[in-house]
Amino acid sequence: MTDRSLTMTDRSVMLRRMLLDTPHGSIAYDIRGDAAALPIVLLASGAHDRHDYDALRDRLPTNTYKTIALDWPGHGESPLRDDNASPRLRHGGSPLDGELSAMRCADVTEAAVEALAPGGAIVVGNSVGGFSAARLALRRPELVKGLVLIDSGGFVGAPPHVRAFCRLMARPGFLKAIYPTFARRYMRARTDADRAALAAGIATTRADPGLRAVAGLWRSFASPAHDLRADAPRIAAPTLVIHGRRDPVIPLRTAKATAAAIPGAELHVLDTGHVPHTTEPDAVAALLIPFAEAEATA
């Protein structure tokens with residue numbers, strides 16, 4: 001069987017896994033589409049990998065869009081420091097030093113977009129990917145032609161019950177035990193793509209380095225630096241907010257407040273869980289394509 005991270009011979013374009021060295025460690029990524037096409041950068045949820053976007057990418061014409069999908073450090077094929085094994089030997093590239101956090105993911109995003117789409121891109125992010133995309137729009141607006149927030153983190157805040165849950169999820173033993181049940185609840189799996197994403201998330205949290213990476217992410221979600229609510233009115237990029245009404249992790253009221261706070265943002269609600277693009281890729285593509293077209297011709 002051909003490794004899908006290396007080639008996809010059933011398509012007219014080659015899909016090849018590559019590594020990008022950043023100041024924050026190496027990340028695995030792949031590019032699909034014509035080199036001169038409009039770049040769309042795809043950022044996954046924590047514990048998930050870049051293949052969450054495969055079904056959506058299948059619906060985007062490769063002569064019009066160049067999609068760039070990333071694996072977070074310690075996820076998929078991206079290395080994370082592991083004292084018991086050499087990441088260079090296991091994955092290639094340099095590991096991330098220190099604990100992974102939402103803020104480190106945002107740093108990786110900035111380095112990756114600057115390197116891979118220096119003229120700017122449509123940046124699509126789910127969960128911690130949404131936080132990373134939104135922070136990029138705030139810090140480097142010239143790199144974000146359009147912002148798509150899918151069940152986005154960064155706009156929830158950290159009341160006491162959220163901080164308590166984040167502390168629990170930051171404990172590797174607890175995270176490993178609870179994650180399969182937790183993931184089934186937030187995925188609300190209905191499609192093959194849902195089930196593949198669910199399996200990938202569970203696999204990531206079974207052992208290090210993924211388990212340690214995801215625990216670090218959860219610890220960071222309670223940090224004041226993960227709260228972008230006060231900054232939302234400063235986001236100048238055209239913004240599309242997509243949210244699954246059945247998401248138990250980030251409630252719909254958060255998406256409504258986010259869309260209201262970002263000037264000109266549009267909110268679209270789908271009947272899905274936390275990862276709409278695996279459950280309803282046709283619906284997400286139907287929203288993304290006209291949005292991207294409008295920004296390409298603006």
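**Ground rules.** I am working from a predicted model, where local features need pLDDT of at least 70, side-chain atom pairs count only at pLDDT 80 or more, and totals for chains, interfaces and linings use all residues. I number residues from 1 along each chain as its sequence is written, and side-chain values use heavy atoms, with hydrogens and water left out.

**The helix pair.** I looked up α6 (residues 172-187) and α7 (residues 192-204), whose axes come within 10 Å and cross at roughly 155 degrees. Helices here are DSSP runs (H or I, at least four residues), numbered from the N terminus. Axes are lines fitted to C-alpha atoms over the stretch in contact, with angles from 0 to 180 degrees between N-to-C directions. The two helices are therefore roughly antiparallel (the word applies to angles over 145 degrees).

I then checked who makes the contact (heavy atoms within 4.5 Å). From α6 I noted Tyr-179, Pro-180, Ala-183, Arg-184 and Met-187, and from α7 Asp-194, Ala-197, Leu-198, Gly-201 and Ile-202.

**Ser-220.** Is this residue buried or exposed? I found Ser-220 buried, at 6% relative accessible area (buried is under 20%, exposed over 50%, partly exposed in between, with a 1.4 Å probe and protein chains only). Ser-220 sits in helix α8 (residues 210-220). Leaving aside residues up to four places away in sequence, Ser-220 touches Ser-101, Ala-102, Met-103 and His-226.

**Ile-178.** Back in α6, I looked up Ile-178, which is partly exposed at 29% relative accessible area. I also noted Leu-168, 10 residues from Ile-178 in sequence and 10.0 Å from it in space, C-alpha to C-alpha.

Terms used. Angles under 35 degrees count as roughly parallel, over 145 as roughly antiparallel, 65 to 115 as roughly perpendicular and the rest as oblique.
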